[in-house]
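Keep the sequence and the 3D view open while reading.

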Amino acid sequence: MRLECVDAVQVERPLGVLKTLHYRPELFGAPYCDVLDLAMRGDSAWTPGERELFAAFVSVLNQCPF
């Protein structure tokens, strides 16, 4: 049911991340978001903007719309 709700949304961009978060929320919901937040906003020599740019670049190399 959760995935059907995500599939029903009509948008141009892909909703793969939302599908992942709703597929198994006990695993990919809050725990995944917490780890992602730590990786993207935690202590680092890189700024958050540099990390976002790096993530976007990797997505392009993987031919994954970001």
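**Contacts, helices and surface**

Q: Leaving aside neighbours within four places in sequence, which residues is Gly42 in contact with?
A: This is a predicted model, and a contact here means heavy atoms within 4.5 Å. With neighbours within four places in sequence left aside, the residues in contact with Gly42 are Asp37 and Arg51.

Q: Where is Gly42 found, and is Gly42 buried or exposed?
A: Gly42 is found in the loop between H3 and H4. Buried means under 20% relative accessible area. Gly42 has a relative accessibility of 16%, so Gly42 counts as buried.

Q: How many helices and strands are there in the protein chain?
A: Read along the sequence, the pattern of the protein chain is α-α-α-α. The count is 4 helices and 0 strands.

Q: What percentage of the residues of the protein chain count as buried?
A: The cut-off for buried is under 20% relative accessible area. The protein chain has 66 residues, and the part of them that counts as buried is 12%.

Q: How far does H4 reach from its first C-alpha to its last?
A: Helix H4 covers residues 48-61, which is 14 residues. At 1.5 Å a residue, the expected reach is 20 Å. The reach in the model is close to that value, at 20 Å.

Q: Which residue takes a positive phi just after H4?
A: The phi angle in question is about 55°. The residue that takes this angle just after H4 is Gln63.

Q: Which residue forms a salt bridge with Glu52?
A: The structure holds 1 salt bridge. In this pair, the closest N and O atoms are 3.2 Å apart, which is within the 4 Å cut-off for a salt bridge. The partner of Glu52 is Arg41.

Q: How many residues apart in sequence are the parts that the pair of Glu52 and Arg41 ties together?
A: Glu52 lies in helix H4, while Arg41 lies in helix H3, residues 25-41. The pair therefore ties together parts of the chain whose separation in sequence is 11 residues.

Q: What are the relative accessible areas of Glu52 and Arg41?
A: Partly exposed covers the range between buried, under 20%, and exposed, over 50%. Glu52 is partly exposed at 30%. Arg41 is also partly exposed, and its relative accessible area is 44%.

Q: What distance separates the C-alpha atoms of Glu52 and Met40?
A: Glu52 and Met40 are 12 residues apart along the chain. Their C-alpha atoms are separated by 7.3 Å.

Q: Which side chain of opposite charge is nearest to Arg51?
A: Arg51 lies in helix H4. Arg51 is buried yet has no salt bridge. At 6.7 Å away, the nearest side chain of opposite charge is that of Glu50.

Q: What is the area of the nonpolar surface patch that includes Val58?
A: Val58 is found in helix H4 and is partly exposed, with a relative accessible area of 32%. Trp46, Phe54, Phe57, Val58 and Leu61 make the patch. The area of this nonpolar surface patch is about 520 Å².

Technical notes. Residues numbered from 1 in each chain as written. Predicted model: local features only at pLDDT ≥ 70, side-chain atom pairs only at ≥ 80, totals over all residues. Heavy atoms only, no water. Patch = residues over 30% accessible without salt bridge, like charges linked within 9 Å, V, L, I, M, F, W, Y side chains within 5 Å. Areas by Shrake-Rupley, 256 points an atom, 1.4 Å probe, with all protein chains shown as cover. Helix = DSSP H or I, 4+ residues; strand = E, 2+ residues; numbered from the N terminus. Buried < 20%, exposed > 50% of the residue type's maximum accessible area, 1.4 Å probe, protein only. Expected span 1.5 Å × (residues − 1). Lys, Arg positive; Asp, Glu negative; His and termini not counted.
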